[in-house]
Amino acid sequence: MPSMYNGTALFDSGPHRFFVQRQGQTEIEPAQPVGQGQASARWLQLGLVQLSVTVRGRLVAATEADLWTQRDAMTAELTASASPATLDDGNGRVWTGMWLVRYEEQEPVQVGRTWSVGYEAVFRKVGQ
Amino acid sequence: MLVLNPQTVSLLGQTIEHVRRISVHRTPERLLLEWGNLGPYPIFADVPEQRVEIELVADLDRGSLDGPSPGDEGTLSFFTSPTAGSGGRTKVEASVVVTTVNDGVEPGGSAQRRIKMAALSSSGTSDPISVINAEDGAR
């Protein structure tokens, strides 16, 4: 089963890997300590950080035009996602309510037997 | 590619005599090797940057003082044929830049010159080595 975002197999032309970024509380250390005497006295907790899932991979195509089609499909999700969508790693793990917030290519396009480019795409959970 | 005793070797417009062999080495300059989520083995490989190096080995005459220098640019061409006739005769040609010139004495006692060259592509997409049918006797 292909990995998908918003029902589209954005990543499956090439190898890609999913990983979950930092989870837990967002904390700040105030200039003036408050709540002296408590276990976490020096830190203020602002709530859970938004869940972020990063996909690192490589878009692979037989031609330059095919590669542009895939790159455009990726960036179209950046602007077209008026509503959050489901991210599916294709191996049984599904994250609902995710936004594609960043797509970044890691290098120039590589031309060998194939046309390819390495990328990183960051998805964030809405409302968490 | 390895060609022993090639015929009519020309480098930078000069004929080179007594060429023992010409070898072509193709090596990756950048290797892409990638893994997926599901296992330990790579699932994608490609070589988007590669170098083509040519090495020419020729016997030296006594007192050979001239020859190419590193940085010199031009054409290397030679012919190869499976027989003494022109059947199956091919011409090999490449645009090259000389990178190394070494003169020395081999263990057998013969003086030899080794010239290493980087082969260049005209466009970046075409193979730097051209192999042309020369059965018509073309030179």
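These legends go with a set of close-up views of a predicted model.

**View 1. The whole model and its scores.** For chain B, pLDDT averages 89, and 94% of its residues score at least 70.

**View 2. Chain A, element by element.** Chain A holds nine strands and one helix. Read from the N terminus, the order of its elements is β-β-β-β-β-α-β-β-β-β. Chain A has 128 residues, and 24% of them count as buried. Take the contacts in chain A between residues at least 6 apart in sequence: 60% of these join residues at least 24 apart.

**View 3. Where chain B meets chain A.** Chain A puts 15 residues into the contact, and chain B puts in eleven. On the chain B side, strand 4 (19-35) and strand 5 (42-59) each supply at least two of the residues that touch chain A. Strand 5 of chain B gives the most, with five residues. By type, the chain B side splits into seven nonpolar residues, two polar and two charged.

View 4. B:Ile43 sits in strand 5 of chain B. Which residues does B:Ile43 touch, once those up to four places away in sequence are set aside? From chain A there's A:Pro15, and from chain B there are B:Glu34, B:Trp35 and B:Gly36. Buried or exposed, or something in between? B:Ile43 has 14 other C-beta atoms within 10 Å, so B:Ile43 is partly exposed. If you want a sense of span, pick out B:Ile132 as well: B:Ile43 and B:Ile132 are 89 residues apart in sequence and 36 Å apart in space, going from C-alpha to C-alpha.

**View 5. The hairpin of strands 4 and 5 in chain B.** Six residues make the hairpin that joins strand 4 of chain B to strand 5 of chain B. The two strands pair in the antiparallel sense, with 14 bridges between them. To find your place along the pair, look for B:Pro28, which stands opposite B:Gln50 in strand 5 of chain B.

**View 6. Strand 5 of chain B and its pairing with strand 8.** Strand 5 of chain B also pairs with strand 8 (residues 111-120) of chain B. How many bridges join strand 5 of chain B to strand 8 of chain B? There are seven, and the strands run antiparallel. One spot to look for is B:Leu56, whose bridge partner in strand 8 of chain B is B:Ile115.

**View 7. Strand 1 of chain B against strand 4.** Here strand 1 (residues 2-4) of chain B runs antiparallel to strand 4 of chain B, and three bridges join them. B:Leu4 has B:Arg21, in strand 4 of chain B, as its bridge partner.

**View 8. Two loop residues of chain B with positive phi.** Most residues other than glycine have a negative phi. B:Asn5 isn't a glycine, yet has a positive phi of about 50°. B:Asn5 lies in the loop between strand 1 and strand 2 (7-11) of chain B. With 11 other C-beta atoms within 10 Å, B:Asn5 is exposed. B:Leu12, also not a glycine, has a positive phi of about 55°. Look for B:Leu12 in the loop between strand 2 and strand 3 (14-16) of chain B. B:Leu12 has 16 other C-beta atoms within 10 Å, so B:Leu12 is partly exposed.

**View 9. B:Thr80 and what surrounds it.** B:Thr80 belongs to strand 6 (residues 73-80) of chain B. Leave aside the neighbours within four places in sequence, and B:Thr80 is in contact with B:Val3, B:Pro6, B:Gln7, B:Thr90 and B:Val92. What separates B:Thr80 and B:Val3 in sequence and in space? In sequence they are 77 residues apart, and in space 7.3 Å, C-alpha to C-alpha. Why is B:Thr80 partly exposed? B:Thr80 has 19 other C-beta atoms within 10 Å, and a residue counts as buried if there are 20 or more.

Terms used:
Residues are numbered from 1 along each chain as its sequence is written. Chains are lettered from A and ligands numbered from 1 in the order in which they are written. This is a predicted model: local features need pLDDT of at least 70, side-chain atom pairs count only at pLDDT 80 or more; totals for chains, interfaces and linings use all residues. Two residues are in contact if their C-beta atoms, placed from the backbone, lie within 7 Å. Helices (H or I, at least four residues) and strands (E, at least two) are DSSP runs, numbered from the N terminus. Ala, Val, Leu, Ile, Met, Phe, Trp, Tyr, Cys and Pro count as nonpolar, Asp, Glu, Lys and Arg as charged, and the others, Gly among them, as polar. Two strands pair if DSSP finds at least two bridges between them. A residue is buried if 20 or more other C-beta atoms lie within 10 Å of its own, exposed if 12 or fewer, and partly exposed in between; C-beta atoms are placed from the backbone. pLDDT is the predictor's confidence in each residue, from 0 to 100.
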